[in-house]
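Hello,

As promised, I am handing over the structure we talked about. Please have a look at it below, and then read on for what turned up.

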Amino acid sequence: MESKKLIVILGATGNQGGSVAEVFLQEPQWRVRAVTRNPTGTKAQALAARGAEVVQADLDSPSTLSSAFENANTIFAVSDFWGLFGDPANEAKAKGQPLNVWAANHETEQLKAVIDVAARIPTLERFVLSSLSDATKWSRGKYTHVYHFDSKAKAEVYGRETYPELWKKTSVFQAGFFLSNFVLNPIFRPVMTEHGTAQFVSSLDPDLKLPFIAAEEDTGPIVKALVQESAGKNIIGYREWSSLRELSKAFSQATGIEAECILSPKGQSKVPLPSELQLELDDNWAYCNEFGYEGRDDPTLIHPKELDSLLQLDSVVEYFRKQDWSNVFTQGN
């Protein structure tokens with residue numbers, strides 16, 4: 001009897017890693033090793049109850065990754081810029097730098113450490129790195145403050161240049177624009193007007209095509225397809241290639257609530273933001289508007305329809321239909 005293959009999943013209790021774990025736990029020919037900083041947490045214990053091997057490791061302690069990656073056939077690597085930025089304990093570590101600059105540099109170092117360890121695993125057949133487009137590169141130096149994109153892209157460049165043998169086994173997964181932002185993120189949550197219209201307020205061009213993904217549902221199927229197919233792919237992951245205007249129509253279809261898109265001026269957000277974060281997001285939206293969220297000039301980029309083994313993902317309408325919008329509007333007003 002052929003032994004099962006082992007996939008090691010970083011961030012297994014988060015959106016992307018959790019989705020990958022969910023998919024591979026249903027594959028009888030695979031074993032799942034779920035890596036988390038807190039193996040006694042509720043989500044980690046739920047994974048253990050379903051048959052995952054839950055192990056403790058920390059991206060800030062590279063020595064813990066060696067045992068976590070031992071005997072891996074596949075590794076899915078993901079990092080968390082926003083977790084670093086949002087942790088008050090990290091403010092002192094920035095030492096005078098803007099916190100988002102520190103978080104970006106730290107995230108790059110974390111991913112470089114992951115890549116260093118992965119390159120030493122003799123059993124490894126496939127490495128899947130969660131990354132984002134290189135905003136500085138694809139904007140030809142015009143937008144240099146999109147730190148949460150470039151931090152991942154820099155690590156990707158490091159891996160490609162430093163470990164060519166590892167990169168022969170590597171595919172890159174770029175997560176699209178999270179649909180959960182419209183439910184959980186106060187910057188993007190729609191606001192209900194006194195006339196009963198839901199307003200989607202953003203500095204993004206309402207007709208710009210964006211890659212919308214339900215990361216907690218879609219990452220796993222896309223990563224599974226990347227593992228099943230040949231290495232060397234660089235995919236922008238999404239369930240629908242759509243505009244904010246089309247997304248607002250999907251919202252209306254799902255909820256029966258009239259919706260509209262409102263274009264907000266540069267430098268203005270629905271909620272007050274630190275100046276350094278406002279600068280980052282202004283560059284982020286301008287980069288998307290001009291060069292595409294995905295860095296459309298990147299010749300290596302592929303889309304989900306180009307994967308032979310990816311099954312049909314769900315729709316934006318269905319995602320919106322499942323959400324508790326009454327709670328969203330209570331928070332948004």
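Predicted model: local features only at pLDDT ≥ 70, side-chain atom pairs only at ≥ 80, totals over all residues.

Rolling a probe the size of a water molecule over the atoms shows where empty space is left.

Which residues lie nearest the centre of the second largest pocket? They are E156, R160, N234, D298 and T300, out of a lining of 19 residues. By type, the lining of this pocket divides into 6 nonpolar, 7 polar and 6 charged residues. Helix 6, helix 7 and strand 6 (170–175) each contribute at least two residues to that lining.

Two of those elements lead us to a serine. S139 sits in the loop between helix 6 (135–138) and helix 7 (147–162). Is S139 buried or exposed? S139 counts as buried because its relative accessible area is 2%, and the cut-off for buried is under 20%. The side chain of S139 reaches two backbone atoms: the oxygen of T136 at 3.4 Å, and the nitrogen of Y143 at 3.0 Å. If you set aside the neighbours of S139 within four places in sequence, S139 is in contact with Y287 and F291.

Another loop residue to look at is N90. You will find N90 between helix 4 (81–86) and helix 5 (99–118). With a relative accessibility of 4%, N90 is also buried. Leaving out neighbours within four places in sequence, the contacts of N90 are with L84, L99 and W102.

Now for the cysteines. How many disulfides does a search of the whole structure find? The search finds 0. C261 is in no disulfide, and the nearest cysteine sulfur to that of C261 belongs to C288, 15 Å away. Likewise, C288 is in no disulfide, with the sulfur of C261 as its nearest cysteine sulfur at 15 Å.

Notes: Residues numbered from 1 in each chain as written. Heavy atoms only, no water. Helix = DSSP H or I, 4+ residues; strand = E, 2+ residues; numbered from the N terminus. Buried < 20%, exposed > 50% of the residue type's maximum accessible area, 1.4 Å probe, protein only. Polar contact = N/O pair within 3.5 Å; in protein donor to acceptor, adjacent residues only side chain to side chain. Contact = heavy atoms within 4.5 Å. Disulfide = S-S within 2.5 Å. 1 Å grid on protein atoms, 1.4 Å probe; cavity = no way out; pocket = protein on both sides within 12 Å on 5 of 7 lines; lining within 4 Å. Nonpolar A, V, L, I, M, F, W, Y, C, P; charged D, E, K, R; others polar.
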